[in-house]
Amino acid sequence: MKRIEWMRIAAEKILQRFDFIKVSINSIEFATGTVKSAKGTCEFRGDGRFIIYLSDSINSSQDALEVILHELCHAHCFAKKGGRHRGHDIFFEQVARRAGLTGQLKSTAASFGLQHRFNKIITEIGSIPNTL
């Protein structure tokens, strides 16, 4: 399995478990590469589509799932606000906290309970591949 395929399957599993995050998996593209000063990013394309980038430097499945969930929260905010979402605002904070993300909003981490949920996903889909 390639890294991008793993990211898509991981996002599907996350969206199944967090049904309050209202984003269609079909509206998301996934990419890897160098992400400037971040582990990941979510870009709104203006046509209702998103691209989620995951840094090539992430090799831990737990870290990858944290970033994917964080970026799915951004995608949800973009979708709910019609593309007018800007960064780590109060709406993003409410969604991220509900999902179990803790810490500073620019670099969230999984709560203990969320780590347990992520372990179940990793058991289902395996570890993140290092091959692109």
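**Entry 1: Elements**

I counted four helices and five strands in the chain. By definition, helices (H or I, at least four residues) and strands (E, at least two) are DSSP runs, numbered from the N terminus. I read their order from the N terminus as α-β-β-β-α-α-β-β-α.

**Entry 2: Basis of the values**

I note that this is a predicted model, in which local features need pLDDT of at least 70 and side-chain atom pairs count only at pLDDT 80 or more, while totals for chains, interfaces and linings use all residues. Residues are numbered from 1 along each chain as its sequence is written, and side-chain values use heavy atoms, with hydrogens and water left out.

**Entry 3: Overall dimensions**

I looked up the radius of gyration, taken over C-alpha atoms, with the globule rule being 2.2 Å times the number of residues to the power 0.38. For 132 residues a compact globule would have a value near 14 Å, and the 13 Å of the chain agrees with this. The C-alpha trace spans about 35 × 30 × 30 Å along its principal axes.

**Entry 4: Burial and contacts**

I found that 46% of the 132 residues count as buried; the term means under 20% relative accessible area, with exposed over 50% and partly exposed in between (1.4 Å probe, protein chains only). Contact means heavy atoms within 4.5 Å. Of the contacts with a separation of 6 or more, 54% come from residues 24 or more positions apart.

**Entry 5: Strand S3 and its partners**

I next examined strand S3 (residues 50-55), where five of the six residues are buried, so the strand is largely enclosed by the rest of the structure. Two strands pair if DSSP finds at least two bridges between them. Strand S1 (residues 28-33) runs parallel to S3 and is joined to it by six bridges; Ile28 stands opposite Phe50 of S3. Strand S2 (residues 40-44) runs antiparallel to S3, with five bridges, and Cys42 stands opposite Ile52 of S3. I also noted that S2 and S3 form a hairpin with five residues between them, and that Gly46 in the turn has a positive phi of about 90°. In a regular strand the side chains alternate between the two faces of the sheet.

**Entry 6: Ser61**

I located Ser61 in helix H2 (residues 61-80). Ser61 is buried, with a relative accessible area of 9%. Leaving aside neighbours within four places in sequence, I found Ser61 in contact with Trp6, Ile122, Gly126, Ser127 and Ile128.
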